[in-house]
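Let's take a friendly tour of a protein model together. Have a look at the structure below, and then we will go through it step by step.

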Amino acid sequence: MKAAVKRRNESRWAGWLFVLPAAAFYVMFVIQPLVMTVQYSLYKWDGIGVATWTGVANYLRVFTDPDLFAAILNAVKLIVFFSAVPVVLGLAIAATIRRIAATRLALVARTVIFLPQVIPLVAAGITWSWLLSSTGLVNQLLTAIGLEKITRAWLGDFSTALPAVGVIGAWVLLGLCTLLLLAGMSKIDPALYEAARLDGAGAFREFFSITLPSLRQEIGVCVTVTVVAALASFDIVYISTQGGPGNASMVPGLEIYYLAFSERQVGLASALAVILTVLVIACALPIQWLTRDRES
Amino acid sequence: MVVILGGSLAAACAAPGSGNAQPTAPASSASSLSAAPTCGTAPVTLKGYFETGFPLPKALTTEFTKQHPNVTWDIREDQFAVITQNAPRVLADDPPDLMRLPQVSELVKNNLLKNLDEYAKVYGWDQWPASQLEQMRLAPGGAVRGEGSLYAMGLNFSMTGVFYNKKLAEQIGMTAPPETLADLDAALAKAKEAGLAPIAQFNGGATGGLAFPLQNLMASYGPSAPINDWIFQKPGASIDTPSNLQATQHLQKWIKAGYFWKDVNAVDYATMMSRFIGGDGVFMFDGDWESGNLDKQLAGDIGFFLMPPAQAGGKRAAMSAPLTFGIGANAKNADCAAEFLDWVATDTQARTIGVQVGGSHPMGPADGPMPPVAAGTVTESTLAAGAQIAQDNGAMDFIANATGAIYAKSWTPNLQKLVAGEQTPEGLLKSVQSDYQSQVKGG
């Protein structure tokens, strides 16, 4: 009896031993920076000299400084482009590709749509800043079909800079969503479709009654990943607009970078980072909860 | 795991930064020197940290080694933005003997740069025209610039003004550079009428290039000294003055008249250069770091003049800044680095390299040797402009250099808003002044 208990204890410790290397890395590179960021956020610090304690002053500043708060609002607006567009379009494209799954066209379509995901974001940003420039392809096309009046430098215009950045994000994330949803569709039992068709269901009915409910988890993953990408966006904005013109496309990720590395306000940057982290978790958790598989 | 967690928590208890090695305060000044220090004759390797894409420092170090064979170099290079971000850490951690410097106030405040006063005395730098070193002097604590101890040296000093495309200027009947602001206005109007783009300028991303014409206009309407006081953070200085308001209103007039490209808010520096070189734009507000480039690409077709004053016969002013290099407070070979800096400004060969490779006026005594420059080149006119600015005492630092963040966070967004009609001249100056005050106070 005693020996058995001992052995069980031993095996419990052995388990921890196996976890130790990974846990050590996790603590070093995830937990510790997180704790330090929270700590920095309570100080006024230029990154080199001795810091002075300021309590929650940095947090108050984030919510009262209109520029900082506007950056957070911009990130929320980007969710429409980074999340809603890719998921809805991705569903439509995946459903279409599934119907032609056996043809060569499906393979080509899959490859083409996934391609943006393979291209480095920096390259995508540069390509799009050419396409959207005042003499770029987008304006050439608009001129060709007689819409010369609305041509403009899309990334340099106050009203269009943020949506233009959003379009780049949508283009990048569409591939990921389509592929995830397509993978999800392939594991739906074909018998379900057959039964539905026997009952006289059309393509739309099939989609809404079988495909969509079966994809709950995949959609959950897509929405989570893309919402996080929108809130934590940095690279696309940094490459295409640098937050301009006049802060019109400023996002928290970029603002944190500017604050910490060019303004040397490490405390304020950390406070904004903590708020961004909380915001991301606050958005991701309900999505996870809503799309959890209820039956399991 | 407990140990690691404990360790990180223990580190988290002290105030950030208190664990960093803090170089002791004013002791970082060179000890009293009786004779000019040299690199000696024993082999020595100087550690350099330079800016990528600018061949001048390397050309100078190569020539220096040729003249002083015992000196070799260990050089690393980074983009200027990277240097700006890393400067405090590099100087605290692994101080270079010679380093390209970003805005220095923060570095001086943290005692990271060597005080060069003793070197200035023994080498006689304090006998040079005072305006050359003014921008690199800081009062104790680094709060105010323009006075106090010397913390950096220039390899040369740049000059800004207006470049113009001679062929296009001929087309609008402009045969000589404008003498007054009204002349310039007339030329701009004619260019617009002729269907040309009057001004080539950038204003996109995080770098608002309209700050160039704006500061030139400020210097046309008013004296340059108060602008420098503002940049140097002298107590009570303000950018929101009546003459600066006139200047900003004048810039707005140019914007409304369509003198800038329609997409100026999306044009970056490189795009501006390629368009101007391609013949799109009659005038361009820029600096003499492009002289060599323009002489090469459009030999004989480009002219340069200093911004004309509002009143005929008025003094001229220009943004002019030294290409700053400094010595780490704890650098191992500070004396040898100081000799190098002195050599750059006084050696005939070094000054020739400074002009031919760097394109700007060398530092040093007013009567220092000047290399011959081909007549009719842009380089010739920018060097002549340098002489006139010295005579008119019109050298200004750049309004973008007032604080570390004022350019990206205040001038740029406000100028972009001015272009889009979302900001007024009054509002622009008020907004920049209030950002300035909060940044000077520290955030």
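## One disulfide

This is a predicted model. Let's begin with its cysteines: counted over all chains, the total comes to 1 disulfide. If the word is new to you, a disulfide is a covalent bond between the sulfur atoms of two cysteines.

Which two residues form the disulfide? The partners are C39(B) and C336(B), and their sulfur atoms are 2.0 Å apart. The link of C39(B) and C336(B) is right-handed, with 95° about the S-S bond. To find the two ends, look for C39(B) in the loop between α1 and β1 (44–51) of chain B, and for C336(B) in helix α14 (residues 334–346) of chain B; the pair therefore ties together parts that are 297 residues apart in sequence. Are these two cysteines buried or exposed? Both C39(B) and C336(B) are buried.

## Two cysteines without a disulfide

Now turn to chain A and find C177(A), which is in no disulfide. Its nearest cysteine sulfur belongs to C222(A) and is 3.8 Å away. Why is there no disulfide here by the rule used? A pair counts as a disulfide when the cysteine sulfur atoms are within 2.5 Å, and the sulfur of C222(A) is 3.8 Å from that of C177(A).

C177(A) counts as buried because its relative accessibility is 0%. C222(A) has 2% relative accessibility, so it counts as buried too.

## Where the chains meet

Next, look at the place where chain B touches chain A. Here 38 residues of chain B are in contact with 38 residues of chain A. How much area do the two chains bury between them? The value is about 3,300 Å², with 61% of it on carbon and sulfur atoms.

There are also polar and charged links to find. Between chain B and chain A, 8 residue pairs are in polar contact, both residues being at pLDDT 80 or more. The number of salt bridges between these chains is 2. One of them joins E263(A) to K409(B), whose closest N and O atoms are 3.2 Å apart.

Which elements of chain B give two or more residues to the side that touches chain A? They are α1 (2–13), α3 (80–93) and α17 (406–420). Sorted by class, this side of chain B has 15 nonpolar, 14 polar and 9 charged residues.

Notes:
Residues are numbered from 1 along each chain as its sequence is written. Chains are lettered from A and ligands numbered from 1 in the order in which they are written. This is a predicted model: local features need pLDDT of at least 70, side-chain atom pairs count only at pLDDT 80 or more; totals for chains, interfaces and linings use all residues. Side-chain values use heavy atoms; hydrogens and water are left out. Contact means heavy atoms within 4.5 Å. Buried area is the accessible area (1.4 Å probe) that two parts lose on being put together, summed over both. A salt bridge is a side-chain nitrogen of Lys or Arg within 4 Å of a carboxyl oxygen of Asp or Glu. A polar contact is a pair of N or O atoms within 3.5 Å; within protein, one must be able to donate a hydrogen and the other to accept it, and residues adjacent in sequence count only if both atoms are side-chain atoms. Helices (H or I, at least four residues) and strands (E, at least two) are DSSP runs, numbered from the N terminus. Ala, Val, Leu, Ile, Met, Phe, Trp, Tyr, Cys and Pro count as nonpolar, Asp, Glu, Lys and Arg as charged, and the others, Gly among them, as polar. Buried means under 20% relative accessible area, exposed over 50%, partly exposed in between (1.4 Å probe, protein chains only).
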